Amino acid sequence: MAATRFWTSSFFFLLFVALTSVLQVAFANSEGDALYTLRRSLTDPDNVLQSWDPTLVNPCTWFHITCNQDNRVTRVDLGNSNLSGHLVPELGRLEHLQYLELYKNNIHGTIPDELGNLKSLISLDLYNNNITGRIPISLGKLKSLVFLRLNDNRLNGPIPRELTGITSLKVVDVSNNDLCGTIPTSGPFEHIPLNNFENNPRMEGPELLGLASYDTNCT
């Protein structure tokens with residue numbers, strides 16, 4: 001009877017280990033697919049992404065990618081890499097991503113709404129690119145976000161008030177864009193210096209509740 005219990009326990013333990021390994025590979029493949037979709041959307045004259053081989057089991061051996069102990073992607077470090085192209089919605093699949101660093105490139109197009117799915121994200125650095133369109137409302141779902149740097153792009157529209165609900169937010173820089181409306185003054189924005197909003201010609205200044213619509217001057 002003891003031997004039977006031992007073999008039964010061993011069987012279920014081995015089954016658990018096998019299933020865990022299969023799930024880790026599946027997640028890693030999904031994340032690798034998402035990152036390879038990004039690679040295909042970018043022009044890479046300096047071959048910075050040369051190691052991004054989709055035939056590998058997971059992307060954790062690729063340069064500029066960091067993973068945790070479960071082979072889940074936690075960092076994408078591609079700042080100042082002479083890349084051009086656009087962001088892809090598939091980036092929203094990187095559930096454990098904490099740092100998305102794509103600053104000082106020539107990224108154009110819009111910020112995908114799907115980046116709002118990155119619930120573990122701490123730092124979103126897209127500054128010094130040519131990104132257009134609005135700041136997605138979905139970024140308000142990033143409840144772990146500390147750094148949001150979108151300065152020196154060509155963004156327009158108002159600053160989404162959903163961002164005021166991110167209590168972890170410490171640094172916001174949206175200067176040198178074409179944003180409009182007023183500057184939020186509640187929540188984490190209470191402590192953001194005004195020069196982090198400068199050089200947005202259509203922006204009206206700090207929000208005075210009840211006196212001006214947050215999206216004033218946006219039409």
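I started with the core. The largest nonpolar core holds 47 residues, and L35, V76 and L124 touch the most other members. For a nonpolar core I took buried Ala, Val, Leu, Ile, Met, Phe, Trp, Tyr and Cys residues joined through side-chain atoms within 4.5 Å. Buried is under 20% relative accessible area, exposed over 50%, and partly exposed in between (1.4 Å probe, protein chains only).

α1 gives the most, with 3 residues. Helices (H or I, at least four residues) and strands (E, at least two) are DSSP runs, numbered from the N terminus.

A note on the source: this is a predicted model, where local features need pLDDT of at least 70 and side-chain atom pairs count only at pLDDT 80 or more, while totals for chains, interfaces and linings use all residues. Residues are numbered from 1 along each chain as its sequence is written, and side-chain values use heavy atoms, with hydrogens and water left out.

I then looked up L124. Leaving aside neighbours within four places in sequence, L124 is in contact (heavy atoms within 4.5 Å) with L100, L115, L139, L145, F147, L148 and R149.

Last, the loops. N47 sits between β1 (42-43) and β2 (65-67). Phi of N47 is positive, near 55°, in a residue other than glycine. N47 is partly exposed, at 47% relative accessible area.

N176 is in the loop between β11 (171-173) and β12. Phi of N176 is near 60°, again a positive value in a residue other than glycine. N176 is partly exposed, at 27% relative accessibility.
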